[in-house]
2 protein chains.
Amino acid sequence: MKRRAFLKAAGIAGAAAFSTPAIAQDKRELKMVTSWPRNFPGFAASAERLAQRITMATGGSLVVKVLAAEELVGRYETFDAVSSGGADIYHGIESFWQGKSKAFNFFAAVPFGLTANEMAAWIYHGGGQEVWDRLSADFGLKPFLAGNTGSQMGGWFRKEMKVVDDFDGLNIRISGLGGDVLRRIGAAPKALPGGELVAALESDAIDACEWYGPWLDLTLGLHKAAKYYYYPGFHEPGTAISAAVNRKLWEGLSGEHKAAIEAAMAAETTVTLAEFNARNTDALDVLRTKHKIGVRKFSSTILRAFGEAAGQVVTDIGTSEVSTRKVYDSFIAYRRRTVSWSKVADQGYMNARLLPFKY
Amino acid sequence: MKRRAFLKAAGIAGAAAFSTPAIAQDKRELKMVTSWPRNFPGFAASAERLAQRITMATGGSLVVKVLAAEELVGRYETFDAVSSGGADIYHGIESFWQGKSKAFNFFAAVPFGLTANEMAAWIYHGGGQEVWDRLSADFGLKPFLAGNTGSQMGGWFRKEMKVVDDFDGLNIRISGLGGDVLRRIGAAPKALPGGELVAALESDAIDACEWYGPWLDLTLGLHKAAKYYYYPGFHEPGTAISAAVNRKLWEGLSGEHKAAIEAAMAAETTVTLAEFNARNTDALDVLRTKHKIGVRKFSSTILRAFGEAAGQVVTDIGTSEVSTRKVYDSFIAYRRRTVSWSKVADQGYMNARLLPFKY
């Protein structure tokens with residue numbers, strides 16, 4: 001409600017001020033509204049690189065200006081701002097728009113869904129882009145994959161999680177569908193911003209929390225407030241970062257500008273994933289060696305309980321509406337096939353690499 | 001010898017004909033020489049997309065013309081052609097240039113090395129690009145990551161491979177460092193072009209072969225000539241595809257053109273990997289359901305023997321020359337750290353996903 005009111009206000013104010021992009025000396029300024037505070041690690045930097053790539057590759061004939069969350073609209077208002085033409089491009093995560101359609105979750109992350117590579121394969125070469133285009137077209141948007149966080153972690157816990165019953169009544173900060181999964185096994189998911197997590201853990205307001213992965217978790221200092229760091233991040237096995245262009249604007253762009261934008265989006269998909277993996281690699285090392293954090297794996301019994309609940313959550317959202325059903329069908333069919341390939345490819349290789357031998 | 005002679009001839013002929021890119025009406029034509037026959041699945045298409053992305057994104061102010069192997073120079077002559085300015089960009093795999101320096105292997109694939117994602121993290125955010133730039137600068141080249149085949153398969157065998165001794169005297173088509181590894185455990189690696197593999201297997205000229213993965217292997221029809229399809233592809237866990245620009249040309253380009261080329265290269269990194277994963281997913285399904293191929297895993301004993309031999313091969317090439325040592329040190333240090341991260345990230349998640357539960 002509050003969100004809608006805020007947006008309407010922004011929309012009205014915006015109509016005169018910035019609905020038509022400024023055109024001066026063959027320059028066209030595009031406003032990219034993001035869901036990130038300025039300097040938010042990973043995400044804000046990716047949005048900046050994306051904007052610079054487009055600006056540079058078009059020789060400044062498109063100048064993309066990045067606006068942090070709250071600078072023009074709030075972090076969850078960016079979708080409506082671009083949909084209405086009040087801004088030109090948004091940079092965010094599609095699950096933020098699940099209030100519009102639950103189908104958007106499939107282009108971000110779903111519990112026990114696709115890894116970053118599987119998501120890219122589905123989107124670029126497995127029919128994913130087509131169902132995404134149809135979904136977003138209804139909102140006046142042309143969507144693109146523009147990054148991925150890679151696999152996230154399972155979260156920080158104040159106590160050891162030994163059995164499924166340990167989740168009963170557990171106050172845990174976890175967002176989106178991951179929260180729905182944990183609710184089904186008895187936990188009490190909460191929404192809390194990152195900046196409040198350490199204090200909430202220390203005051204016992206929450207017993208546990210998930211944030212992103214070693215890099216961003218270390219930045220928040222979560223290791224100071226909870227001792228048990230679990231993997232895998234079953235709820236977000238590879239969260240896609242996305243950007244969408246106002247569809248009318250997109251359709252009016254020259255082939256040259258379209259090509260530059262498309263290349264910049266796909267470039268950020270790999271460069272951002274690479275950044276998360278490289279920084280997570282470093283941060284995990286720091287957590288282990290400097291802060292003596294022992295990373296633990298959820299037990300198979302707990303993971304199976306997560307899996308059963310995840311199956312129900314994903315089926316429920318996938319079969320809830322006609323538009324969602326089409327996306328779900330494409331996603332699930334791709335997932336079934338690709339699990340077999342991953343098993344003999346990356347997964348089979350990485351498991352073989354753990355055998356003891358000198359290297 | 002023959003290669004060098006051929007190249008010299010091409011270089012002399014080329015000096016007048018195409019050492020200066022054609023400039024007409026603000027258009028500059030760039031010649032991209034590739035190591036692929038025209039229509040070679042995956043690789044040729046990626047080179048074409050890369051060329052089109054650059055051409056489109058620059059509004060045709062750079063027109064990249066793709067030349068298949070043998071059209072201007074042979075598939076292994078492209079490096080020297082671009083190095084000397086006889087062509088502008090090459091598109092290939094860095095291990096093809098190991099005759100120049102063994103260090104190039106680390107930017108393609110080494111046995112038990114990095115996966116596609118780990119390679120991208122090392123190159124883009126882990127110091128890999130810097131050591132690569134230094135290596136290639138000595139040859140007048142500016143190199144880029146421009147794709148990845150993803151994890152490959154272990155190969156096709158006419159008989160079941162049960163113990164390490166089964167490799168003794170085995171005639172196997174396998175290229176590069178993978179061949180060096182198998183030689184250390186007693187096999188006899190051979191070099192043979194893809195088109196000859198089915199006949200060579202059927203006539204018992206070879207007992208086994210590796211090619212790429214389900215997609216390209218199915219295209220060749222290898223399943224008709226050998227029954228046992230093994231994984232993992234320990235020798236090529238994620239083979240990088242690369243492109244390099246003549247360094248003098250690169251340094252003279254405008255910021256706009258540099259940005260367009262950089263974005264196009266990074267875009268192809270993710271889109272090509274996605275294509276290999278999507279097509280391998282489909283092809284594995286066809287091999288299993290239509291052709292009844294049962295995929296087998298190398299036993300742990302065999303994998304450990306591969307691992308020991310791979311460790312020796314990689315250490316030997318990594319410590320052979322000063323220039324190689326710098327690349328090796330960067331690669332090995334990154335590999336050690338990232339194995340820990342992958343284990344709790346993609347690998348930990350994918351293993352959890354195999355637990356039995358309804359989804």
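Predicted model: local features only at pLDDT ≥ 70, side-chain atom pairs only at ≥ 80, totals over all residues.
A rotation of 180 degrees, with 0.0 Å of shift along its axis, superposes chain A on chain B at an RMSD of 0.0 Å.

Residues are numbered from 1 along each chain as its sequence is written, chains are lettered from A in the order in which they are written, and side-chain values use heavy atoms, without hydrogens and water.

**The interface**

Chain A gives 85 residues to the contact, and chain B gives 85 residues. Contact means heavy atoms within 4.5 Å. 100% of the interface residues of chain A are also interface residues in chain B, so the copies meet through the same surface. About 7500 Å² is buried between the chains, and carbon and sulfur atoms give 64% of it. This area is the accessible area (1.4 Å probe) that the two parts lose on being put together, summed over both. The rule finds 4 salt bridges across the interface. A salt bridge is a side-chain nitrogen of Lys or Arg within 4 Å of a carboxyl oxygen of Asp or Glu. One joins A:Arg337 and B:Asp282 (3.0 Å, N to O).

**A residue at the contact**

B:Leu303 lies in helix H11 (residues 300-318) of chain B. Helices (H or I, at least four residues) and strands (E, at least two) are DSSP runs, numbered from the N terminus. B:Leu303 counts as buried because its relative accessibility is 0%. Buried means under 20% relative accessible area (1.4 Å probe, protein chains only). Leaving aside neighbours within four places in sequence, the contacts of B:Leu303 include A:Ala352, A:Leu355, A:Phe357 and B:Lys297.

**Strands around S10(B)**

Strand S10 (residues 228-231) of chain B is covered on both faces. B:Tyr228 and B:Tyr230 are buried on one side, B:Tyr229 and B:Tyr231 on the other. Strands pair if DSSP finds at least two bridges between them.

| Partner of S10(B) | Bridges | Direction |
|---|---|---|
| S6(B), residues 155-157 | 3 bridges | antiparallel |
| S12(B), residues 295-297 | 3 bridges | parallel |

B:Gly155 stands opposite B:Tyr230. In S12(B), B:Lys297 is the bridge partner of B:Tyr231.

How values were computed:
Least-squares fit on C-alpha atoms with pLDDT ≥ 70 in both. Buried < 20%, exposed > 50% of the residue type's maximum accessible area, 1.4 Å probe, protein only.
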